[in-house]
Amino acid sequence: MQPLIDHARRFGQHPDKSARFSHLRQDFAASLVVFLVALPLCIGVAVASGVPAELGLITGIVGGVVTGLMRGSSLQVSGPAAGLTVLVHEAVRAFGLPALGVIVLLAGLVQVVMGALKWGRWFRAISLSVVEGMLAGIGLVIIAGQLYAAAGLPAPASGPAKLAGLPGALLKALSSTTALASLAVAAGTILVIVGWRRLPGAARAVPGALAAVLLAALATALFHLPVATVRVSGVLDALRLPGADSLASLADLALLGTVLAFALIASAESLFSAAAVDRLHAGPRTEYDKELVAQGVGNTVCGLLGALPMTAVIVRSSANVQAGARTKASRVLHGVWLLLFAALLPATLAYVPLAALAGILVLAGWKLIPFRGVVRLWRAHRGEALVLVVTAVAIVAVDMFDGVLIGLALSIAKAAWEASHLRFERTDDGRGPVRVRLSGTVNFLRLPKILDALEALPRDRAVELDLSGVHHLDHACRAALAAWAERHCTAGPHAVRLHALPDHRPDGQPVRASR
């Protein structure tokens, strides 16, 4: 049997019905694992975003049943993601919960259009430092905000206020029995999740986050802890179809900017996740444009239902691969299990402590911060490390959208600076001509530095200026170098020898310097 199973693991190869059944069995088992991983995350992300917990379940269902059936990435799993909680929370605070469906709907349509135009591949050109900085900034904001939730205290609105208010919140929590009980539940949740990985393999069949939530709910009920739990209104009651009032908000330019932010950030996160998942398995590679369309269709459906936006989620996707999934059936089935839970057992959510969800999200935010990656970047590419850190700080200090724009602008400026990088080498033996060699890219951005160095050369000595190592010489630099060569003639009529410079000036007159 084992050789048959091993053979069936090869994607696209189905030697007989037994092999096909083996695929189904593996996908079925993987779908249960992904369901157990996704369930607490769907609820936690919704609560952290400031929306009813049921909306997180709806997004998870759409991510499995709708997006899961579409082409793109075969093993990637989509649903509500911690990476969008900050943006969703800001949008709900600014425009209200009824407008969320319209924002997500339009963002999904934008994604569909981008995929149809085959723009998916261009998201791979976004600087990885910007993406990691974005996730790090989101992680910091999530951690800061969920520390308040862990104590059962209201969190300030802005990132800097969240960080500045933490010492005061801690002092307030230490003087409150209710807050201490809530903190104990959150801390216990974190300890269970971290320690769960060290248990024997049989125990780890249940995901640590789910086990932590179950234990927290059990402890809260048994000991009658004064801890707030999830409010349940029912899945159907949580649905918010876009109405006339929410459609009227389309006249707000700020809302349209939020739509663009949702579309771009969700797309970048999904496609970067797809690239990471591709490295985990040997199956078919992601078709980025089709995956972008699939994400857009999913978000369009989520918007019509008034639910949270969805992206591909690396935690669920990696769990899907590691659980032995072989086809897209596993992610579709995980959506079916979420649907059955939402239909049959929604009332059980009322037993889940909010502090336990806060503990899960503190760990999720911690995982978004690439501590080791920053250290490696600083050792090898300090400019990239600077882009990462500035992006993260800008997101915390300003907001999500502007922080990403600042990171992109800095990344572009860095690329432009490196593109204009050049080396100026001077060799002078004291007897013959002074030899100067320029190499790299020479454009107007570097012209002041070049001319300062050339003007500093002794005017009573001949100069050999070698431009053979220059990759690009723009119009402004050509004219400036030719003019400098004409001026530097006090040592004789042929005091400057230019190599690899055109024979004529921009005005058509010959350059008075030999080659």
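Which residues make the nonpolar surface patch of about 470 Å²? In this predicted model, the patch is formed by Val113, Leu117, Trp119 and Trp122. One of these residues, Leu117, is located in the loop between α5 (98–116) and α6 (128–150). With a relative accessible area of 48%, Leu117 is partly exposed.

**Salt bridges**

The model contains nine salt bridges, counted with a limit of 4 Å between side-chain nitrogen and carboxyl oxygen.

| Pair | N to O distance | Relative accessibility |
|---|---|---|
| Arg461 and Asp428 | 2.7 Å | Arg461 19%, Asp428 37% |
| Arg435 and Glu464 | 3.7 Å | Arg435 37%, Glu464 23% |
| Asp466 and Arg437 | 3.6 Å | Asp466 22%, Arg437 33% |

The side chains of Arg461 and Asp428 meet in a salt bridge at 2.7 Å. This pair links distant parts of the chain, 33 residues apart: Arg461 belongs to the loop between α21 (447–455) and β5 (463–473), while Asp428 belongs to the loop between β3 (422–427) and β4 (434–442). Is Arg461 buried or exposed? Its relative accessibility is 19%, and because buried means under 20%, Arg461 counts as buried.

**Strands β4 and β5**

A salt bridge also forms between Arg435 and Glu464, whose closest N and O atoms are 3.7 Å apart. Arg435 lies in strand β4 and Glu464 in strand β5, so the pair ties together parts that are 29 residues apart in sequence. Arg435 is partly exposed at 37% relative accessibility, and Glu464 is partly exposed at 23%.

The side chains of Asp466 and Arg437 meet in a salt bridge as well, with an N to O distance of 3.6 Å. Here Asp466 is in strand β5 and Arg437 in strand β4, and the two residues, 29 apart, link distant parts of the chain. Asp466 counts as partly exposed at 22% relative accessibility, as does Arg437 at 33%.

Which residues are joined with Arg437 and Asp466 into one network? Through salt bridges that share partners, Arg423 and Glu425 belong to this network together with Arg437 and Asp466.

Conventions:
Residues are numbered from 1 along each chain as its sequence is written. This is a predicted model: local features need pLDDT of at least 70, side-chain atom pairs count only at pLDDT 80 or more; totals for chains, interfaces and linings use all residues. Side-chain values use heavy atoms; hydrogens and water are left out. Patches are made of residues with over 30% relative accessible area and no salt bridge: like charges are joined within 9 Å, nonpolar side chains (Val, Leu, Ile, Met, Phe, Trp, Tyr) within 5 Å. Accessible areas come from the Shrake-Rupley method with a 1.4 Å probe; for residues, only the protein chains shown count as cover. Helices (H or I, at least four residues) and strands (E, at least two) are DSSP runs, numbered from the N terminus. Buried means under 20% relative accessible area, exposed over 50%, partly exposed in between (1.4 Å probe, protein chains only).
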